Amino acid sequence: MVELTALLTDLDAETDEVDALVATRPPADWARPTPSPGWTVAHQIAHLAWTDHLALLATTDDAALVNLLAPLADDPDHIVDKGAEGFLAPPDELRQRWLDGHRALATAIEQAPPGKRIPWFGNLLSPQSMVTARLMETWAHGLDIADALGVTRVPTDRLRHVAFLGFRTLGHSFLAHGKAAPAEPVRVELVAPDGGEWVFGPAGATDRLTGPALDFCLLVTQRRHPTDLALVVEGPVATEWLQIAQAFAGPPGHGRGPAKAIS
């Protein structure tokens, strides 16, 4: 397992990279639509600020977390949209709220007592797992912002955390779609951004998924349609997983259409 300090360093770096996308943008750019229906660039940052706030409460005061979410529980299908809407503010204020919340969360996780388990949408996460999840979210929503602004982000070795989480959530992907978690293992072999190899799962598995690490991360965060990715699968479990993979908590994501449908 990656040490917590190293994970927090990578989360800081990912946050800094996403911040660089918006820090000097005029208000008109914050109002640009992103690939997420109904969400602007501002909504993406507000979502990150809101979920960082939830994670902070989960780490430090889970009763406050329950109280915060209770008013939204009557409409679970729109809880994420309402959370983002509630955190919207003028660009400078919103950006500062997000960055302050990120720093507060990082400090709280760093100071969490040994053995701390953090409640998170039906799961109990270690501090390392929570940081990994926040890094995945920051990368994925940063990609939405980059798409809206016409910027191509250069993949880094921080994607290993996203890829690892994507592999670890194989069972969750099936359960979230109302399917039994498969008993058969899947071998994942990925080409890292630096040309190296990232491998997860047993070597003898007959179900396999191979391809670029970036494409696998785009798959498990549902940022690209499977037909637009250079991923090769073998076996029935891997084939089905390709269609339903999701590294994020909660109900099934809507995914994205093929590239021609992405503006």
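Helices and strands here are DSSP runs, with helices at least four residues long, strands at least two, and both numbered from the N terminus. Keep that in mind, since the labels below all follow it. One more thing before we start: this is a predicted model.

Let's take the whole chain first. Its secondary structure comes to eleven helices and six strands. The C-alpha trace spans about 50 × 45 × 40 Å along the principal axes. A compact globule of 263 residues would have a radius of gyration near 18 Å, and the chain's own value is 18 Å, so the two agree. As for burial, 48% of the 263 residues count as buried.

Now to the inside. The largest nonpolar core has 76 residues, and the members that touch the most others are Val 188, Leu 190, Leu 209, Phe 216 and Trp 241. Helix H3 (residues 41–60) gives this core its largest share, twelve residues.

Phe 216 is a handy way into the next stop, as it is one of the buried residues of helix H10. Setting aside neighbours within four places in sequence, Phe 216 contacts Ala 163, Gly 166, Phe 167, Val 188, Leu 190, Leu 209, Leu 231 and Trp 241. How many of the eight residues of H10 (residues 213–220) are buried? Seven are, so H10 is largely enclosed by the rest of the structure. Besides Phe 216, the buried set holds Ala 213, Asp 215, Cys 217, Leu 218, Leu 219 and Val 220. What do they pack against? On the helical side there are H7 (127–149), H8 (159–168) and H11 (236–244); the strands are E3 (186–191), E4 (197–200) and E5 (207–212). Just after H10 comes Gln 222, which takes a positive phi of about 55°.

Strand E5, one of those partners of H10, also holds Thr 210. This threonine has a relative accessible area of 22%; buried would mean under 20%, so Thr 210 counts as partly exposed. Not counting residues up to four places away in sequence, Thr 210 touches Glu 189, Ala 230, Leu 231 and Val 232. Trp 50 is 160 residues from Thr 210 along the chain, and their C-alpha atoms are separated by 34 Å.

Head over to the loop between H7 and H8 and you'll find Val 151. Val 151 is partly exposed too, at 29% relative accessibility. Leaving out residues up to four places away in sequence, Val 151 touches Leu 21, Arg 25 and Ala 146. His 254 lies 103 residues from Val 151 in sequence, with 23 Å between their C-alpha atoms.

From H1, the residues in the contact are Leu 4, Leu 8, Leu 11, Asp 12, Thr 15, Val 18 and Asp 19. They meet Arg 95, Trp 98, Leu 99, His 102, Ala 106, Ile 109 and Glu 110 in H6. By type, the contact divides into eight nonpolar, two polar and four charged residues. In general, an α-helix has 3.6 residues a turn, so residues three or four places apart point the same way.

Conventions: Residues are numbered from 1 along each chain as its sequence is written. This is a predicted model: local features need pLDDT of at least 70, side-chain atom pairs count only at pLDDT 80 or more; totals for chains, interfaces and linings use all residues. Side-chain values use heavy atoms; hydrogens and water are left out. Contact means heavy atoms within 4.5 Å. Ala, Val, Leu, Ile, Met, Phe, Trp, Tyr, Cys and Pro count as nonpolar, Asp, Glu, Lys and Arg as charged, and the others, Gly among them, as polar. A nonpolar core is a set of buried Ala, Val, Leu, Ile, Met, Phe, Trp, Tyr and Cys residues joined through side-chain atoms within 4.5 Å. Buried means under 20% relative accessible area, exposed over 50%, partly exposed in between (1.4 Å probe, protein chains only). The radius of gyration is taken over C-alpha atoms; the globule rule is 2.2 Å times the number of residues to the power 0.38.
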